[in-house]
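Please look through the notes below with the model open beside you, and check each numbered point against what you see. They are written for a reader who is new to looking at protein structures.

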Amino acid sequence: MARDSSATKARILAAAFDEFAEYGIAGARVDRIADTAGANKRMIYVYYGNKEQLFDQVIRQALEQGAESVPFDAENLPGYAGAIFDHLTADPRLMRLVTWRRLERPEASAPEAEAYARKLAALAAAQQGGHVDPSHDPADVLTLALALAQAWFTTADGSAAAEGRRTAHRAAVVDAVSRLVAVPAPDPLHHRA
């Protein structure tokens with residue numbers, strides 16, 4: 001029985017991921033999720049509560065999988081941004097899902113707050129250790145790096161995955177983040193005194 005419920009939950013989450021990525025919360029239909037998952041609609045409510053709670057679980061799972069696939073490396077922020085770009089290119093629905101969350105459930109981001117705080121602390125330590133330019137606040141550096149990694153997915157043409165351009169786009173992201181975090185060379189005139 002437990003094995004069957006685990007399989008049913010997994011099918012529901014997979015179907016909900018597709019539904020929410022396509023339609024957002026307001027446009028998503030629990031009936032379609034149940035049909036796609038081959039599950040009883042009532043079981044969705046039993047397992048996940050209401051539609052917003054199901055959406056929150058889909059987001060939580062996607063973020064957990066993303067964190068496992070793309071571990072944060074404060075000392076190699078360009079590589080991290082490139083890996084995020086790759087992760088989003090592998091499944092462009094992720095960016096759509098995150099966009100829907102920003103639009104429809106911005107208050108539901110509390111679960112990520114702890115992970116974000118850990119990233120900021122690691123980035124501050126990398127700045128103090130001389131690995132990242134310390135002239136900007138860690139929150140600004142992280143926000144800009146993430147925005148650069150996601151930028152191609154928010155343009156009108158969405159060309160990040162376009163054949164022949166993906167490599168160039170990724171290189172631009174990595175280069176831009178490299179410039180953002182590069183520690184400036186010491187001023188030789190300043191050290192002569």
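1. In helix α4, the residues K51, L54, F55, D56, V58, I59, A62 and G66 are buried, where buried means under 20% relative accessible area, exposed means over 50%, and partly exposed lies in between, with a 1.4 Å probe and protein chains only. Helix α4 covers residues 51-69, and its 19 residues reach 27 Å from the first C-alpha to the last, close to the 27 Å expected at 1.5 Å a residue; the expected span is 1.5 Å times one less than the number of residues. At the start of α4, a side-chain oxygen of N50 comes to within 3.1 Å of the backbone nitrogen of E52.

2. A word on where these values come from: the model is predicted, so that local features need pLDDT of at least 70 and side-chain atom pairs count only at pLDDT 80 or more, while totals for chains, interfaces and linings use all residues. Residues are numbered from 1 along each chain as its sequence is written, and side-chain values use heavy atoms, with hydrogens and water left out.

3. Turning to the overall fold, the protein has ten helices and zero strands, both taken from DSSP runs (H or I of at least four residues for helices, E of at least two for strands) and numbered from the N terminus. The C-alpha atoms fill a box of roughly 75 × 35 × 30 Å along the principal axes, and buried residues make up 34% of the 193 residues. Among contacts between residues at least 6 apart in sequence, 66% join residues at least 24 apart, a contact being heavy atoms within 4.5 Å.

4. How many salt bridges does a search of the whole structure find? The search finds nine, a salt bridge being a side-chain nitrogen of Lys or Arg within 4 Å of a carboxyl oxygen of Asp or Glu. One of them joins the side chains of R32 and E19 at 2.6 Å, N to O. Because R32 lies in helix α2 (residues 30-37) and E19 in helix α1 (residues 2-27), this pair ties together parts that are 13 residues apart in sequence. R32 is partly exposed, with a relative accessible area of 33%, whereas E19 counts as buried at 7%.

5. D86 deserves a paragraph of its own. Its side chain meets that of R166 in a salt bridge at 2.6 Å, N to O, and since R166 lies in helix α9 (residues 166-181) and D86 in helix α5 (residues 77-90), the pair ties together parts that are 80 residues apart in sequence. The side chain of D86 also meets that of R170 in a salt bridge at 2.8 Å, N to O, and this pair, again with D86 in α5 and R170 in α9, ties together parts 84 residues apart in sequence. Elsewhere, D18, D91 and R93 are linked in a network of salt bridges.

6. T89 is also found in helix α5, and at 12% relative accessibility it counts as buried. A polar atom of the T89 side chain lies 2.8 Å from the backbone oxygen of F85. The C-alpha atoms of T89 and Q150 are separated by 9.6 Å, although these residues are 61 apart along the chain.

7. Two packed helices are described by the angle between their axes and the distance between the axes. The axes of α2 and helix α3 (residues 41-48) come within 8 Å and cross at roughly 100°, where axes are lines fitted to C-alpha atoms, for helices over the stretch in contact, and angles run from 0 to 180 degrees between N-to-C directions. The two helices α2 and α3 are therefore roughly perpendicular to each other, a label for angles of 65 to 115 degrees, while those under 35 count as roughly parallel, those over 145 as roughly antiparallel and the rest as oblique. V30, D31, I33 and A34 of α2 make the contact with K41, I44 and Y45 of α3.

8. How are helix α8 (residues 138-150) and α9 placed? They pack at an angle of about 170°, with their axes 9 Å apart, and that makes α8 roughly antiparallel to α9. On the α8 side, V141, L144, A145, L148 and A149 meet V173, A176, V177, L180 and V181 in α9.

Definitions and conventions:
A polar contact is a pair of N or O atoms within 3.5 Å; within protein, one must be able to donate a hydrogen and the other to accept it, and residues adjacent in sequence count only if both atoms are side-chain atoms.
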